[in-house]
Structure formats: structure tokens, C-alpha cells
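The following exercises concern a predicted model.

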There are 2 protein chains.
Amino acid sequence: MSNSKLKSIGQLGKQFSISRSTLIYYDKKGLLKPSSRSEANYRLYTNGDIEKLKLILIYRNGGLSLEEITGLLNSKSGKSTSILTNRLQLLNQEIAKLRQQQQIIVQIIGQSKMLKSTRLLDKDRWVKLLRATGLSDDDMEKWHIEFERAMPEMHQDFLESLGLSQKEIRAIRKQSKQAEA
Amino acid sequence: MSNSKLKSIGQLGKQFSISRSTLIYYDKKGLLKPSSRSEANYRLYTNGDIEKLKLILIYRNGGLSLEEITGLLNSKSGKSTSILTNRLQLLNQEIAKLRQQQQIIVQIIGQSKMLKSTRLLDKDRWVKLLRATGLSDDDMEKWHIEFERAMPEMHQDFLESLGLSQKEIRAIRKQSKQAEA
DNA sequence: TCTAAACTGTATAGCTATAGTCGGGTCAAG
DNA sequence: CTTGACCCGACTATAGCTATACAGTTTAGA
């Protein structure tokens, strides 16, 4: 209807905030080949191409690989569903992995004497850091629970290193243990 | 004390389930250079090297880059803390990103007519899939809430596509709306 | 002792999804 | 006709490895 003029690689790139290199790469990979070329061999993208690109970007935002995207664009629903559910599964694995990494990092920080020796972190700073970093109170509680279950002693040490009183520590640990059940 | 014999690259690899190539790579990068070499120029790792490797692997499990690990091994606590808290921050960003990707994928699945046309998924299979994939009931509830807030109509469509009755759908949506507040 | 397997060395290419850079061609405006 | 903004294809770089090739070394068995 409206915009049926052919677009050059630069215009397209600007419109979707993609670099020229990316578009060339997609062309080479066969993911998005412009439907026509100018006399001087310039790439010319049709509206159809643009729609396809929009789809590609949506899929890309879902974290799908270019190979998977190719599959989605070329195949019918049966295969598509499996690609998508596959991705979903992988996503959860990845999230679980990152969660584990979080724990490991926290352990390292708590374990080393860094905290005590440098006195860089007290409770307030620590909580502030975690909050700034995107963790909700809910998430933090889950951490305590997990921490308590996996390594209670270290949990204790860690809380001590943050300068909490024994009373406070007892309260937190008790709560974490209850919540676990 | 016990094991003070020098180890070859192969032995070390086997012990820690690392490939020879990886060790060579670490050597080249300067991350872990064996303290000595045999007459035939074979790499010989001392106990000290092995301890260092253990540390490296711990850090690696925390998802730290080799560059960051190098930093941690060479520097004192001040810098170390910043590297670690940095990583913590990044981890949360990454997790948030993956969360978003999850949502996008689910939207795509729900949006397309794949479900209806192929009839591949009913509620039970869907729930089973999500559960197998590591999502807790808690997580699923959060999804509904988020889904309801972001795009209520699609939420409705999606639930319909799973074959739920209008009654069930009303219940879920109502609950999601309440929880949001 | 000889030989073959199992090891080691270095060097190189490949993987993903881009970003960026090169030298050179093309096009519109002034 | 020149200037500047575009375009071309090809190449390089990124992280963290893996895999391959080819050559020398060590070790186990016959």
C-alpha cells in the first residue's frame, strides 16, 4: 500500500538499526537475500523482504540462532513447534546455569577473606548492590533458603562477614529453614 | 606432601576432565604456564600449577572470563571484589534477558496458529513441557500474571488454544489480575 | 630389540553472529 | 567535474575453545 519503494542496504539498516555487515552476512548465509539488484549490482529489498526481516528480528530477540530462524522461515508448523519448544528448554537450562554461577560467585566472595580484610561490604552495601543488580526481595529470600540448604555453615559465615548480629543471623537462618519445608 | 610428581598435559587433562587443547590454550594465553618443561620440551605441571588450575576452574564455573580470571589470580582483594561484583551484576542482566526471551518464545508459540492447526499441545502437555523444562508452579504463576498484564487478549487466546474451558480461563485470569496488584 | 600405539609438540582452521575496515566503484547535487 | 554519501566484496577481529595435521617421543608388548 504505502511504502512499496525498494530499499537499499543502508536504508534498511538504518530503519532497523542493523549494520550493513549484518545484512550482508544474512545475504551470504541465505537467510535474507534481497529479491533484486540494481544495474550497478546494489542490493534492493522489496516489501516482502522487509516483512521477512521483521520476522527474523522477532525470532532473533527470542534468542534463536540464525540456523533455527532459517528453519522457522522455511518449514511448516510441525518442525517449528519443536524448534521453539527446544529453545524454551534450552533457555531454562541456561537460566539454571546462570543461577548456579550466581551462587558460586557469592560463595567466592563470602569465602575469601576479602570482605573482612578489606571491609568493603557491610550488609547495607551488599543489599544495595543486589538490589541495584536487579534482585527482588523475593529473589533474595530464595537465595537465603538455597544457601541455607546447600551449605548452612557458609551461610552463617557469610552473614557474620556482613556484620550482622548473632540474633539477626539466627532469625534469618530460622526463617530460611522453615521456608524450605 | 603426597603427590609431588610433575604431571604431563595429558594426565592433568584427565584428572580435571579438560582437553589437551584447552590446557595448551591456557598456556598460550598466559593463564596457566607449566612451571617446567622436560628435555623433549614436554609441559610439566607442578603441584603449584595444579592448585592454580583448581582455582581457575572454580572461577570458570562462576562464568568469569579468562581475562577476569587472570585479573583475579594476579591482583589483590580490592580489584578482585570489583571483578566479582561486576560479574554478579552482569549475571543478573543476563538472567533478565533470558527471561525476556522466554516470554517472547511463548508469545510466538501462542500467537501463531501452530497450536490450533497442529493440535500438538493441550494443557497437560504444555504444563508437562514447562515443568520438564525446569519451571516451578511459582514461575508459571508469574508467567500468567505477566502475560495478563502485558497482553490480556493474547492470554485469553492462548488459554483457549490449550483447550481450557471458559470457566477455567476466567479463574486463571482473575487470579492473575489480583496477584498483580 | 623392534615396532606400534599412545603420547607430546607447534601450527592452523573452524565455530557464532556480528562489527569494523579496506580499496575501489557509483550516484546525486552543486 | 568534483565532492561526499553511498555501495560493492573481501578481509579481520572478537571468546573460548575443538579439531585437525604432521612430526617427534615415550612406552608397552612381542
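**Exercise 1.** Locate A:R173, classify its burial and list its contacts.

*Solution.* Step 1: A:R173 belongs to helix α10 of chain A, residues 166–180; helices are DSSP runs of H or I with at least four residues, strands are runs of E with at least two, and both are numbered from the N terminus. Step 2: its relative accessibility is 18%, so A:R173 counts as buried (buried means under 20% relative accessible area, exposed over 50%, partly exposed in between, with a 1.4 Å probe and protein chains only). Step 3: leaving aside residues up to four places away in sequence, A:R173 touches A:E148, A:P152, A:H155, A:Q156 and A:L159, where contact means heavy atoms within 4.5 Å.

Conventions: residues are numbered from 1 along each chain as its sequence is written, and chains are lettered from A and ligands numbered from 1 in the order in which they are written. In this predicted model, local features need pLDDT of at least 70, side-chain atom pairs count only at pLDDT 80 or more, and totals for chains, interfaces and linings use all residues, while side-chain values use heavy atoms, with hydrogens and water left out.

**Exercise 2.** Determine how the buried and exposed residues of α2(A) are arranged.

*Solution.* Step 1: the buried residues of this helix (residues 20–29 of chain A) are A:L23, A:I24, A:Y26 and A:D27. Step 2: these residues lie on the same side of α2(A), because they cover an arc of only 160° around the axis; the arc is that of the directions from the helix axis to the C-beta atoms. Step 3: A:S21, A:K28 and A:K29 are exposed on the other side of α2(A). Step 4: the packing partners of the buried residues are α1, β1 (36–37), β2 (43–44), α3 (47–61) and α4 (66–74) of chain A. Step 5: just after α2(A), A:G30 adopts a positive phi of about 85°.

**Exercise 3.** How many aromatic pairs does the structure hold over all chains?

*Solution.* Step 1: a pair of aromatic rings is described by the distance of the centres and the angle of the planes. Rings of Phe, Tyr and Trp (its six-membered ring) pair if their centres lie within 6.5 Å; planes under 30 degrees apart are stacked, over 60 edge-to-face, and the rest tilted. Step 2: over all chains there are 2 such pairs. Step 3: A:Y25 and A:Y26 form a tilted pair, because their ring centres are 6.5 Å apart and their planes stand at 45°. Step 4: B:Y25 and B:Y26 are also tilted, with centres 6.4 Å apart and planes at 45°. Step 5: A:Y25 is partly exposed at 39% relative accessibility, whereas A:Y26 is buried at 3%. In chain B, B:Y25 is partly exposed at 40% and B:Y26 is buried at 3%.

**Exercise 4.** Describe the protein surface near DNA strand D.

*Solution.* Step 1: 18 residues surround DNA strand D, the closest being A:S8, A:R43, B:S19, B:T22 and B:Y25; near means that a heavy atom of the residue lies within 4 Å. Step 2: of the atoms of DNA strand D that come within 4 Å of the protein, 68% belong to sugar and phosphate. Step 3: the largest share of this surface, 4 residues, comes from α2(B).

Methods:
Ala, Val, Leu, Ile, Met, Phe, Trp, Tyr, Cys and Pro count as nonpolar, Asp, Glu, Lys and Arg as charged, and the others, Gly among them, as polar.
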